[in-house]
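Dear colleague,

I am handing over the model below, and I would be grateful if you could look through it alongside the notes that follow.

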Amino acid sequence: MTDRIKLLQGNEACVQGAIYAGMRFFAGYPITPSTEIAEISSLLLPKLNGKFIQMEDEIGSIAATIGASLTGYKSMTATSGPGFSLKQECIGYASLVESPCVIVNVQRCGPSTGLPTSPSQGDLMQAKWGTHGDHPIIALSPSTVEETFNLTVKAFNFAEKYRVPVILLLDEVVGHLREKMRIPMAGELEVLNRKKPSCDYKEYKAYECSKDFVPAMASIGEGYRYNVTGLMHDETGFPTNSTSETEKLMNRLFNKIEKNLEDILIYEEYETEDADILFVSFGGSSRSCKDAVKMLRKENIKAGLFSIKTVWPFPEDKLIQVSKNVKQIAVVEMNKGQMILEVQRVLGKEKDIFGINKINGEVITPNDIIAKIKEECINA
């Protein structure tokens, strides 16, 4: 088993997790700090009879990723801030045509070109609201190298199970961090594949409103004929101007996520049972929070951490439950304050909520957190 112990970078673990999940197509365009994902994919995929292509730009990259998914490939693309912005229209397209794929965004300090090699968590709201129109989305955010591997597998599983684009929201801290982890054996982690049609070719409806809200998906070339369009469409895939058909389609797209929250929501509770002060965080910032909890506990300050792995949809009910008895809540994030908006929306004015933030390309350290806690909570 020792040969399965690896010292991996977060970006490396992402590729390894994707291949474990069955990724056999990658289209991308090099951009710091995600470039290693493309580089490693280009080395490994040809050995597995997979396909790698460097596209001319970020828009072409996600378009190729969607196209490959429609032909039956488990497909992925990776980028960072500016490239993620360029991918937004196609993310909306993937949502409407229900094309399973994974979009990795290794966040860096912005806006614009910003600080390409420095960390940030400034794309949280963009992951949810970046593309136009109402649309469901699943976004996951790991805080360790091992979590990056596991959540990449989860991202593919969610994409395949629910026929949705899934965003893996890393940050530069996690993407370039090296940690020891064990690569799971084949079959150790669950790997899911999309539901395939079993009906006669003539009866197939690519966007049928099934009981689980997720229609079976035929691959292009398998004999099933259907239309793929970014226009509102009926169950056969052909465009429609019907408001009732549009309402049925949109409700189904949201229901396949909202009716399965128990399956989709992933989070970690750490020392929350008796906490007076609760940290709410995600991604790389959760690492500093966990250390801060340990340090504060040594000073007899009862701190705890709610680390959110599924950032979209937001785990509202669990946040309400875990914060029920705490006195103060600190939302720790490498941005000006994005997740705190969700925390405030969910908990309202009943709780004392404040942010611990950095937007200069530096990580938030445990000492930064402790200093702020003593300023806001203990000395108040």
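Two strands are taken to pair if DSSP finds at least two bridges between them, and helices (H or I, at least four residues) and strands (E, at least two) are DSSP runs numbered from the N terminus. Please bear in mind that this is a predicted model, in which local features need pLDDT of at least 70 and side-chain atom pairs count only at pLDDT 80 or more, whereas totals for chains, interfaces and linings use all residues. Residues are numbered from 1 along each chain as its sequence is written, and side-chain values use heavy atoms, with hydrogens and water left out.

On that basis, strand 5 (residues 101–109) and strand 6 (residues 115–119) run antiparallel and are joined by two bridges, with Leu 115 in strand 6 as the bridge partner of Cys 109. Five residues lie between the strands of this hairpin, where Ser 112 takes a positive phi near 55 degrees.

Further along, five strands make up an open sheet in the order 10-12-11-14-15, and their pairing is mixed. Strand 10 (267–270) and strand 15 (352–357) each have a single partner strand and stand at the edges, so one side of each is left without a neighbour in the sheet. From one strand to the next the twist averages 20 degrees (axes are lines fitted to C-alpha atoms, for helices over the stretch in contact, and angles run from 0 to 180 degrees between N-to-C directions). Strand 10 runs antiparallel to strand 12 (residues 303–308), to which four bridges join it, and Phe 306 in strand 12 is the bridge partner of Glu 269. Helix 13 lies across strand 11 (277–281), strand 12, strand 14 (328–333) and strand 15, running at about 155 degrees to strand 14; contact here means heavy atoms within 4.5 Å.

As for charged pairs, the structure holds 23 salt bridges, each being a side-chain nitrogen of Lys or Arg within 4 Å of a carboxyl oxygen of Asp or Glu. One of them is formed by Glu 58 and Lys 87, whose closest N and O atoms are 3.1 Å apart. This pair links distant parts of the chain, 29 residues apart, with Glu 58 in helix 3 (residues 58–70) and Lys 87 in the loop between helix 4 (81–86) and helix 5 (88–97).

I would welcome your comments once you have been through the model.

Kind regards
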